[in-house]
Each structure stands twice: as structure tokens, then as C-alpha cells.
Amino acid sequence: MLFDRPCAIVDLETTGGHITRDRITEIGVILVDGDRVERFSTLVQPGKAIPPFIEKMTGISDAMVAHAPAFDTLAEELAEKLAGRLFIAHNARFDYGFLKNAFKRAGIRFQTEVLCSVKLSRKLYPQYYKHNLDSLIERHGIELAARHRALADAEAVWLFLQKAKGELGEATMADAVAEVLARPAVPEGIDPDVVDALPDVPGVYLFYGDDDVPLFVGKGANLRSRVLSYFSGDTRHPKEARIAREVKRIDWVETVGEFGAMLAELQLIKRLQPLHNVKGRPSPELCSIRLEKSDDGVLRPEIVFADDVDFSRSHDLFGLFRTQREAKKALTDLAAAQGLCQTTLGIEKPTPKKGRPCYAWPLGRCRGACMGREPIDNHNARLMMALSRLRVQSWPFPGPVAVVETDAVSGDIAEHVFDRWCYLGSRRDMSGPLEGKPSFDLDTYKLLGGLLKKTPDHTELRLLDTEPV
């Protein structure tokens, strides 16, 4: 039954609905230990002004919280009260998320099992459409001295749970609670404590199989929810279901932000080369296309390799390809789509007789550059136009840059340093050493190039004065 275990029914009032920007103004907690019930309530100094519409709704003003304790001074006592309890709240994601962030700012990691009374109400009373707190209060005839105050709203949830138990019986209540709390079925042999320890932060997860063989490396904005999604039983991706069946060990690396998670994912895939990762593997034949002008004025594509050409400094490269075969196919497809003469480009061998048209001419796939019907300058111009969208961007900075991520809650900072599209390393304290020999990498180029087009929140680019590594 629900109250056979220690529970905490929690409600918060806040300065607004933004989980990282807004702050807590009041905490109400009802601690339930069987027949023993204890109530705890306090106003909280949020450290910022309370908006007028919030004051009107809750009745909590700046004057009321002016001399209230800050959350930091309450954090340790509150964490002790909540430790080991089932956390119950109406729209629990909101209250639990706010508290987790508040504890995080205070240097305390808070994590516990959560029961959302909205989800429970939907399970118990599916015949009703609305399940917000006002609807529950009206539907079940719950009487309160106040509304939109933390302890009063927690009291409303407590009374709803008792009413539901009385109306539907303990067995129905217990089944509904068990269904709402049902955990994903993780593979046999994986320590449940490891699963419980998964954090609600960005990072990279690593799945290992038999004999500790790396199976898969992935990233997530929330490691806990991302990893557990593999074991939910209703995953829509056959590949994920197959990976989940093979997992014998789970590990993870926490990061400050999502960019750091994407970067760490690339590095780990290249280093571990997991069985089920296709993207992100090393590209030993990384190549591009460069145009060379022959003595007769014809521009012809030439495949060049990263080992021979500095891709970050060249202004005349088109496309990045993992293999020479991939580059040749791209050229062939582009020529066919644009009606370029593949013989003139050197992609195909010329016909045995000089001056005769190429093989594509009778099929209408060539405009006649091979036999002088299309001027070479026109053919060159059309080739340049077709390749222009594939132009490789030169390094746009005079030296190395740092992508700086900041955790909006804790204030933690991570610095990821790049030069000439090469990843040089990451550091948390902004001054630590950078490790690794830089080399041009296709996936890193794409990742950083995407960030330069649109920089996410809590992320900035910083030009460094230091010399490239």
C-alpha cells in the first residue's frame, strides 16, 4: 500500500514557472510515516522580486519574504527530512525539478523516487477529463483554509489520496500506485543501484555487453531519462530494443551542457568503436575535392586527402567525404544531375575516337563540352556553381577559440578548445592542461560548424590569446 513506506507530500510556491531562472518562495511538506503525520512549512527568501501576478495569485509579497531564510540555510535540514521518502506532488515534474535545482545550487545532490498525483488521478479516475488540483478539490469535496499556499496545496493532495483510498479501496489504490511507479525492466544482472544512481544531467552513457565489450555510446540532455528509455518496453526503435537486450553494464560521463555531451560522445566512439555505433567512427580516408585547371583551361576535380592538405586553411575545397569511393560517387551524381561532361571532368575515359561525343551525349546528359558544343568557360562556370554549396569553410578565427558552457543552476563552467576545426581538449577550471594531438575530423567539423550557425543558451564563444597547440 502507498503509505506503508515513508512519504513526503510536497508543494512549492515560486517566483514563476522557469525551472532554472525562477526561485522558491515557500515550501510545504507533509511527512507521512504510517499513522504518524508531520507538517513542515516555511517561507523562503528567493533573492529576487516576486512578480505582481504571482503575488496576486499566492498572496506572498516581497515584504513577507524579506526576512525569510534563504534556501541554502534550509537545504541540509530539508534534505534530511526528505531522504529515503517517496516524493509525492501534484505535477511532480515541476516541484521535484525546482527542488533538485535548489539543492544543486546549495551543493547537495538530491534524488529520490517520485509519484505524480496528476498521473495517479488519471489512472484512478479515467472517466474525468480534468485532473488539476482545483478539479480534484471540487470533485472530491475537499475543504481548504487557503489555496495557492504551499502547505495548503500539499494538504489538498494528502486529502485527495485519503478520499481516493476510501472511494476505491486499498487494492485499487495499490495497483494504480504500482503502475504509475513501475520502473523500466532493466536487463538481468545490472545492479539496480546503478540504475537508481543515474543523474538528471546532460552527459554520455556507455553500454557494455558480454566480456565488457563496448556496445553503444550515446548522449542525452538528461542521462537518467535517456538511458531508462531503452528499457521502457515500448521503445519504437528496433535497434534500441536489440541493444537493450545485450546490455550487461552501464556507465556514464556527466557534462556541464549538451554541447559537451555531443563532443564527449564523438571522442568515446572514436576511441572505443562500439559495435552498434555507425556514425562517429574514425575516417582514415577523409578526403575532399579540389579543382585543378589543365593546360587547355578545363577545370577538373581532384580528390585530396586530409593527410596531405590542411583542410582548415584551404579556400578551394569542396565537400568532406569519409572515403575516396564516397567522393567519386558524389562527383558522378553531381555531374549527372547538372549535365556536366564526365569525360571533360576526367571522371570517365574518353571515347576511342578523338572528337567523338562522350557516352552521356546521346542520352541527353551532356551539353557537348567534350566536342566543343559547349564553351569550356561555360562548363567551368556550371561546375563551380554546382560545387559552391559544398565549399569547405576555412577556419574563421585568427587563432584558437573556446566554446564555454555554463550550468545555469550550479554555475559550473566547462571550456572546450578548438583550433583550425581540430578539438584540442576540454577543461573545467578554465586553466587546466589540454590533452591530445589535434587532427582534422569530419564529425568535429560538423559539430562545431553547427554551433557557429546557432549558439545555444548558456554557451558562448571566446577567442583565446594562447598559441595553437
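**Entry 1**

I began with Arg420, which I found in the loop between strand S13 (413–419) and strand S14 (422–427). I note here that the model I am reading is a predicted one. I looked up the backbone of Arg420 and got a positive phi of about 55°, although Arg420 is not a glycine. Is Arg420 buried, exposed or partly exposed? Its relative accessible area is 28%. Buried would need under 20% and exposed over 50%, so I wrote Arg420 down as partly exposed.

I then looked up Trp421, which lies in the loop between S13 and S14 as well. Trp421 is also not a glycine, and its phi is positive, near 70°.

**Entry 2: strands S6 and S7**

Next I turned to S6 (residues 203–208) and S7 (residues 214–220). Which way do these two strands run, parallel or antiparallel? They run antiparallel, and I recorded six bridges joining S6 to S7.

How many of the seven residues of S7 are buried? I read off five, so S7 is largely enclosed by the rest of the structure.

**Entry 3: the whole chain**

I then stepped back to the protein chain as a whole. I recorded 15 helices and 15 strands in it. The radius of gyration is 31 Å, whereas the globule rule gives 23 Å for 469 residues. The value for the chain is well over that of the rule, so the chain is more spread out than a compact globule. Along its principal axes, the C-alpha trace spans about 100 × 50 × 45 Å.

I looked up burial for the chain and found that 46% of the 469 residues are buried. The accessible surface comes to about 24500 Å², and carbon and sulfur atoms hold 50% of it.

For contacts, I considered residues at least 6 apart in sequence. Of the contacts between such residues, 63% join residues at least 24 apart.

My last item was charge. I listed 63 positive and 67 negative side chains in the protein chain. The centres of these two sets lie 9 Å apart.

Technical notes
Residues are numbered from 1 along each chain as its sequence is written. This is a predicted model: local features need pLDDT of at least 70, side-chain atom pairs count only at pLDDT 80 or more; totals for chains, interfaces and linings use all residues. Side-chain values use heavy atoms; hydrogens and water are left out. Helices (H or I, at least four residues) and strands (E, at least two) are DSSP runs, numbered from the N terminus. The radius of gyration is taken over C-alpha atoms; the globule rule is 2.2 Å times the number of residues to the power 0.38. Buried means under 20% relative accessible area, exposed over 50%, partly exposed in between (1.4 Å probe, protein chains only). Contact means heavy atoms within 4.5 Å. Accessible areas come from the Shrake-Rupley method with a 1.4 Å probe; for residues, only the protein chains shown count as cover. Lys and Arg count as positive and Asp and Glu as negative; His and the chain ends are not counted. The place of a charge is taken as NZ of Lys, CZ of Arg, CG of Asp or CD of Glu. Two strands pair if DSSP finds at least two bridges between them.
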